[in-house]
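The following paragraphs lead the reader through selected parts of a structure, which is a predicted model. Please view the sequence and the coordinates alongside the text.

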Amino acid sequence: MTSRIPRDSRLRLVRPRPLAAAPTAINQQRPRRPAPRPPEGTPAPAELARMARSGLAAAARVARWADAALGPGGDSATADGKATLSDATAERAARHLGLTAAQVRADWDTARLAGLIEVHGDTARPGWRLRAWNRDDSAVLRGWVALCDAWSLAHPEPEEYEPAAVAEVVTAMPQVLSFLQLSAGPVPVPQLLDLLQQRVTELRTERCEIDYAPQAGAARPALAEPAAADAPLEPLLDWALRALASVGALTYGDGQATLTPLGSWAVWVKLEQICVAAQSPAGNIEQGAEDMLRGCGRLRPNAARAEYRAWLAARPVGSAVTELIAAARGEDALLRGLAFEALRVVGAPAEPEVRAVLDEPTLRPYALLWLAEHDGADPEDAHEVLTREEATWLWVDTAAAVADHGEAPLLVRHLESAVQPTVPALLSEVRAVGHPRTVQVLVALAAAHPDPALAKAVRRAAFQVHTGG
């Protein structure tokens with residue numbers, strides 16, 4: 001074989017990280033708009049941060065104790081690997097802090113939800129927000145918003161109700177909170193209950209769980225869930241309001257509820273994120289995860305991350321993560337990479353579901369990179385957690401995304417990101433890894449590469465994979 005380049009020319013090694021934005025990025029020019037102002041009467045950010053620090057003082061105290069007592073070489077924080085504080089650690093913290101074990105557990109859970117503590121297996125470490133607690137107001141406010149977003153976890157739901165009924169109320173509560181914010185004062189609980197009932201009815205209608213025009217004697221629709229549909233909403237609303245009060249988002253008593261300044265500000269932040277998404281070029285706020293990710297594939301990375309944030313702000317975190325994981329399981333490799341980029345924006349709440357897909361070969365390399373970065377690894381070095389086989393599989397998957405959505409020069413440049421030092425070594429390992437898109441990737445690479453000899457070798461490899469040779 002003759003060639004203008006040496007037969008086993010060394011490939012220039014670059015970071016073997018998936019190219020999330022495979023297609024040519026479109027420079028989205030948007031007119032700058034003035035920074036939006038919160039509603040009149042909203043305290044200044046410094047005052048809001050003071051309120052948040054006050055509300056989270058007990059959680060921060062437990063987090064600092066954990067930082068000092070549970071560092072490298074210290075005792076395990078959990079006994080089950082699921083972030084549940086072990087009995088021994090809870091008793092030890094209670095003695096040191098002058099609290100009861102129950103108080104320590106409650107403050108521990110609050111600290112985790114606010115990002116002051118990060119738990120990995122049976123070890124705990126301080127979150128970055130704890131490091132910035134005394135100097136960065138924005139970090140404090142983000143921690144409080146994270147806790148507010150997780151209100152349904154901070155105050156467990158009544159056990160006697162079906163999960164489906166609880167999920168409906170959790171999904172409907174953002175509209176209730178928006179109404180409280182617009183009211184700018186106390187709102188009677190019966191009025192909130194009426195609004196909640198309307199929103200839950202809308203949710204069931206969207207899922208075709210109720211008949212639009214019920215006929216006398218007509219059977220209940222097959223898709224209806226009697227336990228969820230028949231569940232009384234009043235006690236569930238009471239639970240939701242108590243849970244939101246427990247995190248400091250509102251005050252609740254005497255038959256009425258009122259947003260606190262922090263709660264009003266948090267609702268405004270969420271609404272503003274949604275408005276930003278509605279005004280963005282892609283406008284994906286109403287789309288499902290797959291369509292949203294396809295829209296973001298045309299954006300530059302910063303614009304895509306802004307779109308992810310707004311999309312996430314418009315829906316419960318749990319269901320959003322589930323949607324993103326489902327999109328990643330599809331056949332489109334570009335959506336797989338973009339889904340995990342969106343999960344990076346989600347952060348810690350996505351960790352359990354990301355860990356759950358480690359056994360799925362299609363998602364394992366992406367999940368390992370996500371977890372490495374989440375655990376503090378430098379993005380430049382995160383690829384070191386992958387085995388050679390996993391890195392090769394990821395190279396083929398990313399090449400498939402480039403072939404489907406990108407341009408020929410980008411595919412040629414992707415050749416340089418392989419971990420293998422030579423083209424023959426790369427082709428040999430690509431053939432062995434068994435990626436379902438191997439043939440299409442090799443054919444596309446052969447068609448794109450300007451060197452005739454290398455293109456011929458790649459075509460031969462594609463033929464051998466196709467014929468099983």
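T260 has a relative accessibility of 15%; because buried means under 20% relative accessible area, T260 counts as buried. Its side chain reaches the backbone nitrogen of G263 at 3.0 Å. When neighbours within four places in sequence are left aside, the residues in contact with T260 are G248, A249, L250 and T251.

Attention may next turn to helix α3, which spans residues 87-97. The buried residues of this helix are T89, A90, A93, A94 and L97. These residues are on the same side of α3 because they cover an arc of only 135° around the axis. Among the elements that cover the buried residues of α3 are α2 (57-69) and α4 (101-113). The face of α3 turned away from the buried side carries the exposed residues D87, A88, R95 and H96. Just after the helix, G98 takes a positive phi of about 70°.

P424 has a relative accessible area of 40%. Buried means under 20% and exposed over 50%, with partly exposed in between, and P424 is therefore partly exposed. Along the chain, P424 and L454 are 30 residues apart, and their C-alpha atoms are separated by 9.5 Å.

How values were computed:
Residues are numbered from 1 along each chain as its sequence is written. This is a predicted model: local features need pLDDT of at least 70, side-chain atom pairs count only at pLDDT 80 or more; totals for chains, interfaces and linings use all residues. Side-chain values use heavy atoms; hydrogens and water are left out. Buried means under 20% relative accessible area, exposed over 50%, partly exposed in between (1.4 Å probe, protein chains only). A polar contact is a pair of N or O atoms within 3.5 Å; within protein, one must be able to donate a hydrogen and the other to accept it, and residues adjacent in sequence count only if both atoms are side-chain atoms. Contact means heavy atoms within 4.5 Å. Helices (H or I, at least four residues) and strands (E, at least two) are DSSP runs, numbered from the N terminus. The arc is that of the directions from the helix axis to the C-beta atoms.
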